[in-house]
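Hello,

Here is the structure you will be working with. My notes follow below it.

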Amino acid sequence: MSARELFRKAGVSAKLYREFLQPILLVTLFAPGEQLSAAAALGALYYYVLAHQADFDVCWCKGSVAEVIFKPWLELINSQGCRVLGNNRVVDVIHDDESNKITGIVAMDGSGERTVYDADVVVFAVGVQAMQRIVAFSPALAGRPEFATISNLGTVDVLATRLWLDRRVPLKNPSNVLAGFEPTTGATVFDLNALQDEFADEPGSVFEVDFYHANQLLPLTDDAVIKKVMNEYLTRCESGFEGSKVIDSSVLRFKGAVTLFGPGSHQHMPSTTTSFRNVFMSGDWLQQGPGAHGARGLSQEKAFVTGLLAANAAASSLGLKSQVEVLPVEEDEAHIAAGKSAAQTLRQAARAFGLRSPFL
């Protein structure tokens, strides 16, 4: 069932849903409750808001992610004799029936030229839409159930804006949730002066405002988006924005950028391993099975952990040792563990008297 249906049956008030649950779901699972799986919503609320409350605090990279994380990572990869091929997309795979392996990857560069790369092992580490396109191009993948069913997964549109203002506008918190302006859209507002070193000494404020489930915003022009962000959102939340001018801005649109965890979507999610002996997958759109250990979250956290699991599986398929230890999720905080124990005791007592919850 949908998250909204579950909350209604559980007796959640309209005010609690409107002022807390809906905004939280929009910025953690990127969609309104009526479009989200109840199981996914409960999982997100449990792991991020309830069981480990410190995990809900946003941690931002102190600088550009490209410069601080990906550039050093790329340099390390190159130092090991590897090559990262940009501007190449996978358009087919070469399958060997006898060995049940993918022995080659067909890639196309920006000029349309195709190149075949021999493959000992393959890890697909892409988003839902990219994986769906790869499967559509490749009969060998489309013929396997775990790949074909990926086409049933949905995605959500995202809009990212960045604004440079002519003066500083202080906010109480550097990270904020923005909701209540569009019925099915949530947003986050980040004060980059406080969060990133490169903007610490800027004379004016630099803000990042990201919108999730931003379907109705994507068709707008850049100017219309920035005007809407300033006049209809920020100035209504903080009076300090009144009179400030935007001296520079950027608007980035990401169609189908993140996974939609809709009702029934779990049955269409594959696991890290596949029916091919040397093919593995990672991403937030994979199942959260018992063997996933730390892959209990969603979005970046789940994609990262499943990537580690896929890397370990790939190494094992080549006769190598696992490269990374994946830690299990931390135990529940003491008060949560006590509450769960009390709830289980009450539930058992109710069942002993023949009572059962009407919504479970």
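Is E182 buried or exposed? E182 is buried, at a relative accessible area of 17%. Buried means under 20% relative accessible area, exposed over 50%, and partly exposed in between (1.4 Å probe, protein chains only).

First, the ground rules. This is a predicted model, where local features need pLDDT of at least 70, side-chain atom pairs count only at pLDDT 80 or more, and totals for chains, interfaces and linings use all residues. Residues are numbered from 1 along each chain as its sequence is written, and side-chain values use heavy atoms, with hydrogens and water left out.

**Salt bridges**

The structure holds 10 of them. The term means a side-chain nitrogen of Lys or Arg within 4 Å of a carboxyl oxygen of Asp or Glu.

- K228 pairs with E182, with the closest N and O atoms 3.5 Å apart. K228 lies in helix 9 (residues 222-237) and E182 in strand 6 (residues 175-182), so the pair ties together parts 46 residues apart in sequence. K228 also counts as buried, at 17% relative accessibility.
- D222 and R253 meet at 2.8 Å, N to O. D222 is in helix 9 and R253 in strand 9 (residues 246-260), 31 residues apart. D222 is partly exposed at 37%, and R253 is partly exposed at 33%.
- D332 and K340 meet at 2.9 Å, N to O. K340 is partly exposed, at 36%.

Shared partners join E182, K228 and E232 into one network.

**Whole chain**

Of the 360 residues, 39% count as buried. The C-alpha atoms fill a box of roughly 70 × 65 × 35 Å, taken along the principal axes.

Best wishes

Definitions and conventions
Helix = DSSP H or I, 4+ residues; strand = E, 2+ residues; numbered from the N terminus.
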